[in-house]
Each structure stands twice: as C-alpha cells, then as structure tokens.
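Hi,

Here is the structure I promised to pass on. Have a look at it first, and then read my notes below.

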Amino acid sequence: MKTRPPRVTPLTLKSKDALALSALLMKPRNARACFVFAHGAGAGMTHPFMEDVAAKLYGHGITTLRFQFPFMEKGSKRPDTPAVAHAAIRLATAEARRRCPGMLVIAGGKSFGGRMTSQAQAEDPIEAVCGLAFVGFPLHPAGKSSITRAEHLAGIRIPMLFIQGTRDKLAEPALIRQVCKGLGSKATSHLIDGADHGFHIPARSGRTDQDVVAEIALMISQWAGRLKS
C-alpha cells in the first residue's frame, strides 16, 4: 500500500504592522505537537533539507509550520536584523497557535532560524511555546571558537533541544557540550556523528543524508513527547 504524501497548505501570514510572510503548514491527522520551523540564513523554507525534515516529522504525528523571513521574501542575501526576525517568528508562532489549538507548540529552526528564535524567547517569552528545538545552532563563526552567542540562553526557562553534527564548523562539539552542561536540566543535546552544519555526512560513513534527516526527526519527536504544555 502506498503512503499518501503529506498535505502541504500554503499560507500568507499578516500582522497589524503590515508584515506579510509566506508559510507552509503540514498538519497530519491526530497531530500531537506543532513545530514552528524557521529556516537558515542561506536558504528558505522550501530548501530540500527543510522539506525532508518536515515530511519526516509529519510521519511522527508532528505538524510543522515553515515560513519565510522577510529578507528571503524579498530575495535578499542579507539576513534580517534581530528585531525584524523576532517579529516574523512571533507572527508565525501566533499562526501556529491559531491553527493548532490544543497542541503543544515548539519553536526553533535551522541555524540562523534557531538562534533568532532563542533570542526572541530570551528577550520576551513567546506565548504558549513550551520548548525550543535547534537544528544546527550556530554557536560561533567558522574558525572563531566562542560561546558568547549562547549567553542569552541562560535567560530561557523552557526546555531546549540541540541537534548538532560532530563536523559542524559553526559549533565545536566540546563547546556545545559545555553550553548544555551550563544550562542544566533545561538542555538536551544530540550529536550526529560525521554530520556537518548542513547535516551532510560522508559516503564512507555507510549512512546517507536521508538517514540523518530521519534521525533528526526521530529525536525531535521523542523529545517533544516528554514536553508539558
């Protein structure tokens, strides 16, 4: 029997401040949580990686709401300022709450999207969001090891999940472990052996990029199952 492909619903998110964003909702039957999944700085919500993770999460009974940051909507290569990115994240999470009543709402995303979400949460807790999931948190620029980008995480009071590749040049594994240790019980980390920042894995590993995507979705699903509203 063939499995039906996930149903994708295109949306336009609008705010009182004239902010308008494209978005994609994938909502399986009997979904138990909704993940507001923000994209990275180099590719938008329709990048194959974003699509593949969303599809795998759909199979685990998790709704995803992907959206475009304003800079991506305009076709710019320069990411939005934090203030603009935070506003977009709040608009998307508000839409998730409206379309997924009764579900746990998780926010976060890939690289830039995850860091902007954590900044927004630290600045002013996002309504009804019960956890943050980071897929490749960009802890530092390549070749410039530091944990200063993680300082704001100490102000976050909800659970956080860090999924990182061991070859990620924007987050040395030892530093990610240090950050998570400092956050205590609020933080859960999962390192994927051999994966880089884009979650590509060498062919010699015997695994494929799709294996990695499946692992990412499984970890988010299992972690979400332990959250409380």
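This is a predicted model: local features need pLDDT of at least 70, side-chain atom pairs count only at pLDDT 80 or more; totals for chains, interfaces and linings use all residues.

Let's start with a term you'll need: a salt bridge is a side-chain nitrogen of Lys or Arg within 4 Å of a carboxyl oxygen of Asp or Glu. Residues are numbered from 1 along each chain as its sequence is written, and side-chain values use heavy atoms, with hydrogens and water left out.

**Salt bridges**

The structure holds four salt bridges. One of them joins Glu95 to Arg98, with the closest N and O atoms 2.9 Å apart. These two sit three residues apart in helix H3, so about one helical turn separates them. (Helices, H or I with at least four residues, and strands, E with at least two, are DSSP runs numbered from the N terminus.) Glu95 also forms a salt bridge with Arg99, and here the closest N and O atoms are 2.5 Å apart. Glu95 and Arg99 are four residues apart in H3, again about one helical turn. Together, Glu95, Arg98 and Arg99 are linked in a network of salt bridges.

How exposed or buried are these residues? Buried means under 20% relative accessible area, exposed over 50%, and partly exposed in between (1.4 Å probe, protein chains only). Glu95 counts as buried at 13%, Arg98 is exposed at 56%, and Arg99 is partly exposed at 29%.

Another salt bridge pairs Glu127 with Arg97, the closest N and O atoms being 3.4 Å apart. This pair links distant parts of the chain: Glu127 is in the loop between H4 and strand E6 (129–135), and Arg97 is in helix H3, 30 residues away. Glu127 is exposed, at 56% relative accessibility, whereas Arg97 is partly exposed, at 22%.

**Two packed helices**

H3 (residues 82–99) packs against H4 (residues 112–123) at an angle of about 85 degrees, and their axes are 9 Å apart. Axes here are lines fitted to C-alpha atoms, for helices over the stretch in contact, and angles run from 0 to 180 degrees between N-to-C directions. That makes H3 and H4 roughly perpendicular to each other, a label for angles of 65 to 115 degrees (under 35 is roughly parallel, over 145 roughly antiparallel, and the rest oblique).

**A buried Asp and a buried Thr**

Asp196 lies in the loop between strand E8 (187–192) and helix H6 (209–224). Asp196 is buried but has no salt bridge; Arg167, the nearest side chain of opposite charge, is 4.1 Å away. For charge, Lys and Arg count as positive and Asp and Glu as negative, with His and the chain ends not counted. Leaving out residues up to four places away in sequence, Asp196 touches Gly165, Arg167 and Asp168, where contact means heavy atoms within 4.5 Å.

Finally, Thr64 is part of strand E4 (residues 62–67) and is buried, with a relative accessible area of 0%. Not counting residues up to four places away in sequence, Thr64 touches Leu24, Leu25, Met26, Phe35, Ala54 and Leu57.

Cheers
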